[in-house]
Amino acid sequence: MQLYDQQTLKVTNSLTGKKEVFKPIKDGYVGMYVCGPTVYSNVHLGNCRTFMSFDMIFRYLKHLGFKVRYVRNITDAGHLENDADEGEDKIAKKAKLEQIEPMEVVQRYTVDFHETLQKFNLLPPSIEPTATGHIIEQIEIIKSILEKGFAYEVNGSVYFDVVKFNATNDYGKLSGRKLEDMIANTRELTAQDDKRNPQDFALWKKAEPQHIMRWPSPWGDGFPGWHLECTAMSTKYLGETFDIHGGGMDLKFPHHECEIAQAEACNNTSPVNYWLHANMLTLNGKKMSKSTDNNIYPSEIFNGNNTILSKAFSPSVVRFFMMQAHYTSILDLSDEALLASEKGYQKLMEAIKNLESLPTAQNTTNFNVEAWKQECYDAMNDDFNTPILIAKLFDAVKRINLIKDGKETISEADKKKLTNLVASFTFDVLGLEEQQATEGSSNALDGVVNLLINLRNEARANKDFATSDKIRDELLAMGIQLKDGKDGTTFSIN
RNA sequence: GGCAUCGUGGCCGAGCGGCUAGGCAGAGCUCUGCAAAAGCUUGUACAACGGUUCGAAUCCGUUCGAUGCCUCCA
């Protein structure tokens, strides 16, 4: 009996706009595809939030016992600056700008992407395919769509015929748009366009002579359209219909809408059962965006080298901050909010540390561990409600502290159970990590501070408070805080 | 302009018809030589105005405000 048989998971399906009971196509197995980054620049924190949200979802699905195949692509070609004819490939543009090979651009930012996600403790996906590695598959799909009559070729480019598709299918069902409205709202723009309709999108683009990223195809040298790679790779690794497709809210239209259209045109079947969309991380109340420069890079948070934060924050604190909000809600980043999260995170970690050495008794007072456990699952089962899960963890923190103070007791069995549960929710599901031992410290420094602590305690024993307070205050001024506890004095360095 | 979403106590952020999370800050207490740290206790807020209902932050309508998508963006 697996956990997923005991717990009923519900997810918000963007396609229906409703919370639905999650039922995979094949019992016990889950196929999940998430749109990855276009690797033409460093990932910013907003990008990270989306991947972190789906990492949490991946983790919880695995925790429930599902065998998950998680596919997250790397877009290393085909992502145009815009869909007009003069639209340039983002990778190629960057390569030209820096006078390096496109693959060099791809390599540089793919490495940055991986390093950053690792700092945030994201699990690697099961498969991480690239667009350039699937050109043949993409060409095959274009051929198939052409055969079905939902695409047309013009001057070496192939476009998807949205109007024709809409006659038999529903283009716009994911984003709640109507093609007629879209046509009515289209401004009459530049004439030199090969497309029959402005709503049509490129499946294959002809490469101009100076274009460096190019592949041969039945329509001449060119490169694939952006939307196509996801259809090609999700179909290849997860099948014509799979369970979950995720991505950022900003990809809902047109990207995901186009994916649906391509897949339906090609396979005559709806590709995805559950569409999940992660909401935006904002800065100054506005969406983070590379093009408007309203963003912050993870490295700037880790080293505190930026204009909006008062100090550096660890990846785990940032992750905790994000997990305190629901993945479908907009979350605004601010110094105050991060500061508050850091305190909360430390409180949680402190309690988890104290849990190990908690005294046990004959019975447990005032704490029904079994009921608490189910409350945690209920939170996660309700569309991955991590803020509530964290609230439940703080319920446990309070109990732990009360037991530590001797005001309540816990049995050996309950303590063991609680320890396991807290660890699996905190570390396995939320993906948080324990704070590294006082960073920046060394054995020598530890020795020196401990020496001062001893000197101070001697002074205190002699009631020489002038000396003891001097040691304490001057250390504090240097950023070393002494903490007097029942079992002696410890210190932390900020 | 079109289509959506959102507006919760000092701040962040859940909840989405009755039982009214949680974190941070503030206040009080415990501990302490005094502090700090830590712990405990404490908060009836839901943009405005109407309506539905025995009952609404939660449903409906209007107004105001913010954001997102409609061109590339996680």
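Which residue places a backbone N or O atom 3.5 Å from a phosphate oxygen of RNA strand B? The residue is Asp332.

This is a predicted model: local features need pLDDT of at least 70, side-chain atom pairs count only at pLDDT 80 or more, and totals for chains, interfaces and linings use all residues. Residues are numbered from 1 along each chain as its sequence is written, chains are lettered from A and ligands numbered from 1 in the order written, and side-chain values use heavy atoms, leaving out hydrogens and water.

**RNA strand B**

Around RNA strand B there are 61 residues; a residue is near if one of its heavy atoms lies within 4 Å of the strand. His79, Trp226, Leu251, Lys287 and Arg472 come nearest. Sugar and phosphate supply 66% of the RNA atoms that come within 4 Å of the protein. Helix α14 (residues 386–404) gives the largest share of this surface, seven residues. Helices are DSSP runs of H or I with at least four residues, strands are E runs of at least two, and both are numbered from the N terminus.

By class, the surface has 19 nonpolar, 22 polar and 20 charged residues. Here Ala, Val, Leu, Ile, Met, Phe, Trp, Tyr, Cys and Pro count as nonpolar, Asp, Glu, Lys and Arg as charged, and the others, Gly among them, as polar.

Polar contacts are pairs of N or O atoms within 3.5 Å.

| Residue and its N or O atom | Atom of RNA strand B | Distance |
|---|---|---|
| Lys286, side chain | phosphate oxygen | 3.4 Å |
| Asp332, backbone | phosphate oxygen | 3.5 Å |
| Asp484, side chain | base nitrogen | 2.4 Å |

**Strands β14 and β15**

Strand β14 (residues 480–485) runs antiparallel to β15 (residues 488–493), joined by six bridges. Strands pair if DSSP finds at least two bridges between them. The two form a hairpin with two residues between them. Gly485 stands opposite Gly488 in β15.

**Aromatic pairs**

The structure holds 17 aromatic pairs. Rings of Phe, Tyr and Trp (its six-membered ring) pair if their centres lie within 6.5 Å; planes under 30 degrees apart are stacked, over 60 edge-to-face, and the rest tilted. Tyr327 and Phe384 pair edge-to-face, at 6.2 Å centre to centre and 70° between the planes. Tyr327 lies in the loop between α11 (315–323) and β13 (331–333), and Phe384 in the loop between α13 (369–381) and α14, so the pair ties together parts 57 residues apart in sequence. Both residues are buried, meaning under 20% relative accessible area; over 50% is exposed, and in between is partly exposed (1.4 Å probe, protein chains only).

How values were computed: Polar contact = N/O pair within 3.5 Å; in protein donor to acceptor, adjacent residues only side chain to side chain.
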